[in-house]
Amino acid sequence: MASEPATMVAPDWRGEIFTALKDADIRQVGYVPDAGHARLIELCRADPAIRAVPLTTEEEGVALLAGAWLGGQRGVLLMQSSGVGNCINMLAMTKTCRFPLTMLVTMRGEWAEFNPWQVPMGTKTQSALELCDVFVYRVERPEDAAETVAAALDSAFNADLATAVLLSQRLIGAKRWVK
Amino acid sequence: MIPNDRRLDRRAAMRILLEKRGDLFLVTGLGSTTWDAASVADEERNFYLWGAMGAAAMVGLGLAIARPERRVLVVTGDGEMLMGLGSLATIGVQRPPNLAIAVFDNGRYGETGMQASHTAESVELVGIAQACGFKETFDVGDEVGLRDFAARLHNAATTMFARIAIRTDEPPRVLPLRDGVFLKNRFRRAIGAET
């Protein structure tokens with residue numbers, strides 16, 4: 001058996017997702033903050049070629065990205081799983097107009113969850129999206145993150161599809177409540 | 001109709017806003033403002049929302065950010081704006097200089113039976129926009145005020161917000177196309193975005 005390297009370097013999957021966004025020429029990033037997206041939000045805000053737009057609620061982002069696409073720009077939407085529920089009616093516009101959409105969703109309510117209030121939406125996130133004809137990809141392992149995001153972006157912008165990438169709570173790490 | 005009601009006729013108001021349209025992009029909300037726009041002229045630089053209530057202002061924001069060299073006007077109703085009130089906070093933070101939001105305010109939900117909206121009671125949209133960070137706002141009560149706002153559409157240096165008081169009458173519906181894919185592709189083709 002090959003010996004493990006002395007120190008394992010965890011893949012910087014958040015940085016790799018950012019690279020995937022840049023490679024896809026993403027120019028607008030709508031977000032409602034989530035701890036799991038904190039680093040990605042920082043990277044987007046620091047990039048002069050990206051307009052990062054903080055939203056008061058996630059469905060604003062669905063409309064923002066529809067406008068961006070009308071104007072010829074590509075965008076992406078960052079949110080926590082609870083935000084998916086806020087988007088449902090807006091997704092009717094995405095489907096009716098076949099707007100491209102990629103939502104990167106950090107999951108709560110599924111892996112070592114402390115807060116029971118996160119569980120109802122977290123456990124229904126994927127089925128709610130699929131009920132609205134959003135193509136759902138799920139990431140469990142850090143090495144899959146960037147490739148999966150790139151695939152979702154390809155499907156969105158080349159095939160005019162609504163896509164979501166669920167970044168699992170196990171991947172992100174359960175929230176620590178006692179610091 | 002109230003005798004001597006100085007509030008504007010909604011169709012006349014839309015005509016005035018689009019009178020010297022130039023290369024303005026227009027986004028309208030569900031639903032009467034979409035019929036108002038169609039009554040003036042259906043054209044490829046119009047994007048009508050036939051649904052997604054509350055989305056109009058945010059669609060305008062995404063479009064304005066994407067095309068900073070062009071002017072974007074969103075015209076929507078008080079009920080539609082109220083459903084997306086948070087978007088005024090979001091836009092107040094971004095304030096692209098090429099975006100204007102105009103709300104036709106009759107204090108009613110016109111498509112569902114003229115029920116009173118919040119603006120018929122205590123809610124005042126111009127005050128909300130100002131509190132959200134809009135630097136140039138208009139509370140339009142007559143044609144002179146409307147023309148002041150319309151004149152600024154092509155040279156404002158900040159995001160504008162206008163509340164335009166209109167009468168509660170219901171002119172005949174003028175329905176534009178409602179195929180969303182067609183409207184999207186027509187708009188993108190018109191502005192030279194790849195399809």
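In this predicted model, strand β1 (residues 26–31) of chain A runs alongside β2(A), and the two pair in the parallel sense over four bridges. One of the residues involved is Gly30(A), whose bridge partner in β2(A) is Val53(A). Strands of a sheet pair through backbone hydrogen bonds, and the pairing can be parallel or antiparallel.

Zooming out, the β1–β2 pair belongs to an open sheet of six strands in chain A, laid out in the order β2-β1-β3-β4-β6-β5, with parallel pairing. The edges are taken by β2 and β5 (135–139) of chain A; each has a single partner strand, so one side of each is left without a neighbour in the sheet. On average, and ignoring direction, neighbouring strands of this sheet are turned by 20° against each other. Helix α3(A) packs on the sheet and touches β1, β2, β3 (74–80) and β4 (101–106) of chain A. The direction of α3(A) makes about 170° with that of β3(A).

Next comes the place where the two chains meet. Here 26 residues of chain A are in contact with 28 residues of chain B. The size of an interface is often given as the accessible area lost when the parts come together. For chain A and chain B, the area buried between them is about 2,200 Å², with 63% of it on carbon and sulfur atoms.

As for polar links, nine residue pairs are in polar contact across the interface of chain A and chain B, counting pairs with both residues at pLDDT 80 or more. On the chain A side, β2 (51–54), α3 (59–70) and α5 (91–97) each supply at least two of the residues that touch chain B. Of the elements of chain A, α3(A) gives the most to this side, with eight residues. Sorted by class, the side of chain A that touches chain B has 14 nonpolar, eight polar and four charged residues.

Side chains of opposite charge can pair when their charged atoms come close. The interface of chain A and chain B holds one salt bridge, in which the side chains of Asp160(A) and Lys184(B) meet at 3.6 Å, N to O. Over all chains, the count comes to 22 salt bridges. Within chain A, one such link joins the side chains of Lys22(A) and Asp47(A), at 2.7 Å, N to O. Lys22(A) lies in helix α1 (residues 13–23) of chain A and Asp47(A) in the loop between α2 (38–46) and β2 of chain A, so the pair ties together parts that are 25 residues apart in sequence.

Conventions
Residues are numbered from 1 along each chain as its sequence is written. Chains are lettered from A and ligands numbered from 1 in the order in which they are written. This is a predicted model: local features need pLDDT of at least 70, side-chain atom pairs count only at pLDDT 80 or more; totals for chains, interfaces and linings use all residues. Side-chain values use heavy atoms; hydrogens and water are left out. Contact means heavy atoms within 4.5 Å. Buried area is the accessible area (1.4 Å probe) that two parts lose on being put together, summed over both. A salt bridge is a side-chain nitrogen of Lys or Arg within 4 Å of a carboxyl oxygen of Asp or Glu. A polar contact is a pair of N or O atoms within 3.5 Å; within protein, one must be able to donate a hydrogen and the other to accept it, and residues adjacent in sequence count only if both atoms are side-chain atoms. Ala, Val, Leu, Ile, Met, Phe, Trp, Tyr, Cys and Pro count as nonpolar, Asp, Glu, Lys and Arg as charged, and the others, Gly among them, as polar. Two strands pair if DSSP finds at least two bridges between them. Axes are lines fitted to C-alpha atoms, for helices over the stretch in contact, and angles run from 0 to 180 degrees between N-to-C directions.
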